Amino acid sequence: MKLNELTKRIKPKRNRLGRGPGSGLGKTSGRGQKGAGSRSGYKRRDTYEGGQYRLFLKLPTRGFSRARFRKPLDPINLKLIDLLYKDGETVNLQTLQDRGLLNGSSHGVKVLAEGETTKKVTIEVAAFSKAAIEKLEKAGIQYKTI
């Protein structure tokens with residue numbers, strides 16, 4: 001496209017409201033006589049049906065979601081275990097709470113694979129990531145799922 005090939009963009013004519021009876025939209029400007037819809041500042045809700053019970057409220061909810069019953073696990077990385085624990089210690093929910101890493105409302109712990117651990121500890125938690133299991137087996141560290 002070149003500058004000399006540009007054409008003027010044709011915009012549709014705007015409908016000018018309230019410009020007399022000859023325009024077809026004079027006096028009330030197509031808003032009707034009275035009521036909230038005729039006033040300025042009125043916002044129509046898409047689902048509103050004039051006081052009638054709304055359709056989406058009549059329809060049944062479908063399906064099932066486990067979101068209400070989910071109990072999320074708190075993550076902990078291998079590098080953190082390596083920093084906080086000594087050889088022979090046990091890593092579990094209680095010891096993690098004692099060290100201030102978890103609050104009392106925890107539903108469990110999942111060990112993730114970030115970092116390495118060289119300490120020979122015993123890990124007893126709710127879940128492990130696949131990569132964490134591989135690293136623990138490679139390092140010869142005992143782990144158990146509760």
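# A guided tour of the predicted chain

Begin by selecting Lys-27, which is found in the segment before helix 1 (55-58); helices (H or I, at least four residues) and strands (E, at least two) are DSSP runs, numbered from the N terminus. This is a predicted model, in which local features need pLDDT of at least 70, side-chain atom pairs count only at pLDDT 80 or more, and totals for chains, interfaces and linings use all residues. Residues are numbered from 1 along each chain as its sequence is written, and side-chain values use heavy atoms, with hydrogens and water left out.

Lys-27 has a phi near 50 degrees, a positive value in a residue other than glycine. With a relative accessible area of 74%, Lys-27 is exposed; buried means under 20% relative accessible area, exposed over 50%, and partly exposed in between (1.4 Å probe, protein chains only). Select Ser-29 next, also in the segment before helix 1. Ser-29 is not a glycine, yet its phi is positive at about 60 degrees. Its relative accessible area is 19%, so Ser-29 is buried.

**The whole chain**

Along its principal axes the C-alpha trace spans about 95 × 60 × 30 Å. Of the 146 residues, 20% are buried.

Move to Leu-80 in helix 2 (residues 78-84). Leu-80 is partly exposed, at a relative accessible area of 30%.

Continue to Leu-93, in helix 3 (residues 93-98). Its relative accessibility is 30%, and Leu-93 therefore counts as partly exposed. Which residues beyond its neighbours within four places in sequence are in contact with Leu-93? They are Leu-102, Ser-106, Gly-108, Val-109 and Glu-124, where contact means heavy atoms within 4.5 Å. Ile-123 lies 30 residues from Leu-93 in sequence and 9.8 Å from it in space, C-alpha to C-alpha.

**The aromatic pairs**

Finally, show the aromatic rings; a search of the whole structure finds two aromatic pairs. Rings of Phe, Tyr and Trp (its six-membered ring) pair if their centres lie within 6.5 Å; planes under 30 degrees apart count as stacked, over 60 as edge-to-face and the rest as tilted. Select Phe-64 and Phe-69: their ring centres are 6.1 Å apart and their planes at 15 degrees, so this pair is stacked. Phe-64 counts as exposed at 65% relative accessibility, while Phe-69 counts as partly exposed at 41%.

Then select Phe-128 and Tyr-143, an edge-to-face pair with 5.1 Å centre to centre and 65 degrees between the planes. This pair links distant parts of the chain, with Phe-128 in strand 5 (residues 127-128) and Tyr-143 in strand 6 (residues 142-145), 15 residues apart. Is Phe-128 buried or exposed? At 11% relative accessibility, Phe-128 counts as buried. Tyr-143 counts as partly exposed, at 29% relative accessibility.
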